[in-house]
Amino acid sequence: MRKEYRPGGPGKDFSQRERFLLRVLIPVLLALAVLAAGAGILMVRSGMAGSGSGSSGGASSSSSGSSSSSSSSSSSGSSSSSGSGQGSAATASSALAAMAAQVSAPVQKYGTELPAGIYPVYHSQVDHDGDGIDDQTDILQSAKAYLKTKPKYGSRVYEGGWPTDGYGVCTDVVNYALLGAGYDLQELINQDIRKDFYGYGIMKREKNIDFRRVENQYHYFIRTAKRLPTSLKDKSKWQGGDIVVFRDANGSVTHIGVVSDRRAADGTPYILHNGSPSQTSYEQNILPKNKDRIAGHFRIS
């Protein structure tokens with residue numbers, strides 16, 4: 001049976017405690033709760049202020065980012081206005097420069113530094129784009145700049161032709177290498193197909209993809225570039241900035257790359273290329289094991 005506590009009765013001590021709680025402790029606890037709530041509000045406000053200053057920094061960076069982005073786009077837009085729009089050579093060239101500039105790490109170097117003079121470096125007498133750098137050096141440096149962006153291997157078709165989304169294949173190494181020297185292979189190959197349509201062995205012209213096919217680049221270089229020995233016996237004939245084409249076991253030309261200025265200990269030059277998603281580096285000593293599959297060795301000027 002529940003006891004009933006009444007003032008002055010057996011529950012007198014307890015009712016005194018109850019009155020104490022009601023009159024003293026509870027108001028104190030409420031006051032403490034109010035103080036704690038106030039402190040919480042202050043902390044929240046302080047946090048908001050801190051986050052506001054962070055946002056301000058983010059906005060500042062975003063603002064500077066957008067201003068640099070807009071100036072970059074406006075600059076690239078003005079340079080590409082004479083091109084064919086999105087994916088044009090001018091846009092591709094601007095994108096390449098921007099991507100390369102964003103990569104702070106130097107190009108990873110492979111191969112062996114050989115004493116100067118063993119293999120004299122070839123310099124072209126032509127500076128096609130008039131930038132003060134000869135074609136041979138320009139092609140080599142542009143191939144390295146493109147590979148510095150670490151393109152992922154993937155074959156796609158782009159409006160305008162030029163890949164600018166971080167993907168690419170072996171022919172894009174050559175395309176960007178020559179573009180950096182002032183040679184727009186998209187236009188050049190398209191024009192040459194008009195002159196020798198049956199020689200190219202295609203069913204129809206596709207300007208946005210023809211220049212990215214190995215067999216078309218190969219045929220174009222046979223017709224326009226200087227042909228060099230495919231043998232590795234005289235390694236001095238192989239110079240950084242040259243173009244090399246490989247055939248597969250069936251005899252079809254299926255791969256292409258740019259000769260590097262780096263050499264193995266025996267003087268064999270490395271190749272700058274992008275041939276597979278599983279490729280471990282963009283600069284490799286692949287000539288010796290593929291010496292019987294070298295279909296062509298070319299120099300632009």
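A residue is termed buried when its relative accessible area is under 20%, exposed when that area is over 50%, and partly exposed in between (1.4 Å probe, protein chains only). By this criterion Gln239 is buried, because its relative accessible area is 6%. The structure is a predicted model, in which local features need pLDDT of at least 70, side-chain atom pairs count only at pLDDT 80 or more, and totals for chains, interfaces and linings use all residues. Residues are numbered from 1 along each chain as its sequence is written, and side-chain values use heavy atoms, with hydrogens and water left out.

**Overall composition**

- The protein chain contains eight helices and eight strands, taken as DSSP runs numbered from the N terminus (helices: H or I, at least four residues; strands: E, at least two).
- Of the 301 residues in the protein chain, 38% are buried.
- The accessible surface of the protein chain is about 17100 Å², and carbon and sulfur atoms account for 55% of that surface (Shrake-Rupley method, 1.4 Å probe; for residues, only the protein chains shown count as cover).
- Where contacts (heavy atoms within 4.5 Å) join residues at least 6 apart in sequence, 61% of them link residues at least 24 apart.

**Surroundings of Gln239**

- Gln239 belongs to the loop between strand S3 (226–227) and strand S4 (243–247).
- The side chain of Gln239 reaches the backbone oxygen of Pro120 at 2.9 Å, and a polar atom of this side chain lies 3.1 Å from the backbone oxygen of Ser236.
- Leaving aside residues up to four places away in sequence, the residues that Gln239 touches include Tyr122, Gln136, Val259 and Arg299.

**The sheet**

- Six strands form an open sheet in the order S3-S8-S4-S5-S6-S7, with antiparallel pairing (two strands pair if DSSP finds at least two bridges between them).
- S3 and strand S7 (283–284) are the edge strands, each pairing on one side only.
- Strand S5 (residues 253–263) pairs with strand S6 (residues 269–272) in the antiparallel sense over three bridges; Val259 has Ile271 in S6 as its bridge partner.

**Helix packing**

- Helix H3 (residues 135–148) lies across S5, S6 and strand S8 (294–299), at about 105° to S5 (axes are lines fitted to C-alpha atoms, for helices over the stretch in contact, and angles run from 0 to 180 degrees between N-to-C directions).
- Helix H8 (residues 214–224) packs on the sheet, where it touches S3, S4, S5 and S8, and its direction makes about 65° with that of S5.
- Helix H5 (residues 185–195) packs against H8 at an angle of about 75°, with the axes 10 Å apart.
- H5 is therefore roughly perpendicular to H8, a term for angles of 65 to 115 degrees.
- Residues of H5, among them Leu185, Leu188 and Ile189, meet residues of H8 including Tyr220 and Phe221.

Technical notes:
A polar contact is a pair of N or O atoms within 3.5 Å; within protein, one must be able to donate a hydrogen and the other to accept it, and residues adjacent in sequence count only if both atoms are side-chain atoms. Angles under 35 degrees count as roughly parallel, over 145 as roughly antiparallel, 65 to 115 as roughly perpendicular and the rest as oblique.
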